[in-house]
Amino acid sequence: MNVHVYPFLPSFRLGLVVVAAVSLCYGLLRVTYNLFFHPLSHFPGPRGAACTRLWLAYMELVKRVSLSDLRAELHRKYGDVVRISPNELHFSHPAAYNEIYNAQNKWDKDHEFYRAFDVGEAFFAQTNYLKSKHSRALVSNFFSRQSISELQHLVRSLVRVSLPMSHASPNVTFTLQLDQFCDRLKAQNREGKSSDLYLGFQCFSADTITNFCFAASFNQLSFPEFRGDIVLGIDIAMDTVTLRKFSDVFIWLLRSFPHSLLARISPALKGLLTFRRALKNQIEAILRSPQAMDDAPHRIIYRELLNPEAIKGRPVPTAQQLLNEAEVLFSAGSHTVGTVLMTGVYHLLHNPETKQRLVDEVRSAWPVLDSPPSYEELERLPFLASALLTAVIKEMLRIAPAVPAGLPRVVPPSGAVIAGVRIPGGPGSKALDNCLVAFSKGPRSCLGINLGYCELYLALAYLFRRFDVRADLAKPADLKWSEHFLPLFEGQHLHAYCDPLDD
Ligand code: HEM
């Protein structure tokens, strides 16, 4: 049958014109409303930002300005409160932080922002506080102080475990985290090479979190020169978060593309996709026969998420939901710790006096090289608790851009007063990245804070007790980063010579 399309063309063209005209009118009305009638219209800020969110997209995606720098620049120009997009304010006054993030404020996370993570209902991205509360409660015991103390050997000691569910091959035997990290530093030193401590710390924290949550180390530390495939994949994929923040189409494309095709387009993403497939296999194995969890060498996160008593009659999470939670835990727990360690060590190496005092302190807490103290001992020792190691860790957390994002929250309909300014309810508000609240505050603050501290204490003590660490001056580190929720470090990584100490 022949179908002639020509008779339809005029009406098709007319349709297009009508759609374009309606969109234009809608856009103009919207911009007029945002500029003159919106409840936030009296707040200062760039005109473009008040008109449309596309202004922010243009600044971040086209002009490639890091949002952290942009916010600072806008505050210099417009003052303490700036309207950075039609529905979003950002505050620079430190008082604003505690007024937004505190135990009483159970404000929702901003959907516009958190949808970029594309992890469905995973509790990190679950915008509604009450809905997130249940899943958070399921796993909070797993990250409790007591649980971290019990499992701290996963962070530090030379433990050998047989692993039934690794992505490399079944039943792999491997050494764990800090000891392995130190072994790699020694090996590089023997070859006369300095070590890339940025990648080294990222590999350490990635292996720790995967081991801790899934009993499935992805052995990032075993890659030559710390070039772990998953760790590098995270860096490569980092700035897509910014694109996803503005484009549902891009999120849809990423979701719909077959993984094999994605891996071919960007071989660098292969590590991440392998990681995701390995977790998926693990989850499917567990859902098929839950006793697979008993094969793991220690308690793993799925036991909490699938615990019938804790679920209390709610639907059992699907494989996709478990995968979303797993990915969130990995992302939240790996890059953050690595960034804080790298930034802290960079500053120590550039402040030789403070570094020497720290070395002396750690040595007096750890006199015999082969008998490392426990996390509690390091933390509890009076002179350490009150003095340098703790102080250094606090300072590292304060200056490192572990999570530079604005963490936007939605002001409830009743409105709020923030830093003395009355904010109407409904539209979003953005809080200050106050440097002393690295783990955030309030009901949606960091769930992994205990594990984070444990890793920071142990890693710092191990590095400075086992090695004489010197910055590689031939490779001067550039700590320049841009914000994509997490920081993407774009310049030369921190390289250091690590000479092993004998006693
Ligand atoms: C030094 C290390 C760390 C820093 C600085 C840090 C920082 C943060 C911050 C600022 C948030 C708030 C994010 C938001 O409001 O959207 C957060 C949330 C979170 N963090 Fe961490 N984190 C660290 C380590 C960890 C570790 C080791 C884990 C372990 C899995 C973890 C798991 C989480 C989770 C699950 C959330 C979401 C909580 C919720 O939405 O209720 N973090 N973290």
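Mentor: Start with a rule: two strands count as a pair if DSSP finds at least two bridges between them. Keep in mind that this is a predicted model.

The part to look at is an open sheet of 3 strands, in the order β5-β13-β10, with antiparallel pairing. β5 (195-196) and β10 (467-471) each have a single partner strand, so they are the edges, and one side of each is left without a neighbour in the sheet. The pairing of β5 with β13 (residues 495-500) is antiparallel and comes to 2 bridges. To find the place by eye, look for Ser195, which stands opposite Ala496 in β13. Helix α10 (residues 177-190) packs on this sheet and touches β5, β10 and β13. The direction of α10 makes about 95 degrees with that of β13.

Now step back from β13 into the loop that joins it to β12 (486-489), where Leu494 is placed. Is Leu494 buried or exposed? A residue is buried if 20 or more other C-beta atoms lie within 10 Å of its own. Leu494 has 27 such atoms, so it counts as buried. Leaving out residues up to four places away in sequence, Leu494 touches Leu197, Tyr198, Met342, Val345, Tyr346 and Ala477. The C-alpha atoms of Leu494 and Asp472 are 8.0 Å apart, while the two residues are 22 positions apart along the chain.

The helix α20 (319-349) is one of the elements that supply at least two residues of the shell around the ligand; the others are α7 (129-140) and α25 (449-466). Which of them gives the most? It is α20, with 6 residues. There are 23 residues around the ligand, and the nearest are Ala332, Gly333, Cys446, Gly448 and Gly452. Sorted by class, the shell has 15 nonpolar, 6 polar and 2 charged residues.

A loop runs between β9 (428-430) and α25, and Pro443 is in it. Pro443 has 16 other C-beta atoms within 10 Å, so it is partly exposed. Beyond residues up to four places away in sequence, Pro443 touches Ala103, Lys106 and Tyr129. Pro443 and Tyr101 are 342 residues apart in sequence, yet their C-alpha atoms are 8.1 Å apart in space.

Ser85 stands opposite Glu88 in β2. Along β2 (residues 88-91), Glu88 and His90 point one way, and Leu89 and Phe91 point the other way. All four of these residues are buried.

Most residues other than glycine have a negative phi. Arg64 has a positive phi of about 55 degrees although it is not a glycine. Arg64 lies in the loop between α3 (54-62) and α4 (67-78). A count of 12 or fewer C-beta neighbours makes a residue exposed. Arg64 has 10 inside 10 Å, so it counts as exposed. Glu225 is a further case, also with a positive phi of about 55 degrees and also not a glycine. Its loop is the one between α11 (197-214) and α12 (229-237). Glu225 has 12 C-beta neighbours inside 10 Å, and therefore counts as exposed.

The secondary structure comes to 25 helices and 13 strands. Of the 503 residues in the chain, 41% are buried. Among contacts with a separation of 6 or more, 69% join residues 24 or more positions apart. One further stretch comes with a record: an unreviewed UniProt entry lists residues 12-29 as "transmembrane region". In the model, residues 12-29 are 100% helix and 0% strand, and the C-alpha atoms at the ends are 26 Å apart.

How values were computed. Residues numbered from 1 in each chain as written. Predicted model: local features only at pLDDT ≥ 70, side-chain atom pairs only at ≥ 80, totals over all residues. Near = placed C-beta within 6 Å. Helix = DSSP H or I, 4+ residues; strand = E, 2+ residues; numbered from the N terminus. Nonpolar A, V, L, I, M, F, W, Y, C, P; charged D, E, K, R; others polar. Contact = placed C-beta atoms within 7 Å. Axes fitted to C-alpha atoms, helices over the stretch in contact; angles between N-to-C directions. UniProt positions renumbered as here; feature names shortened; annotations may be inferred.
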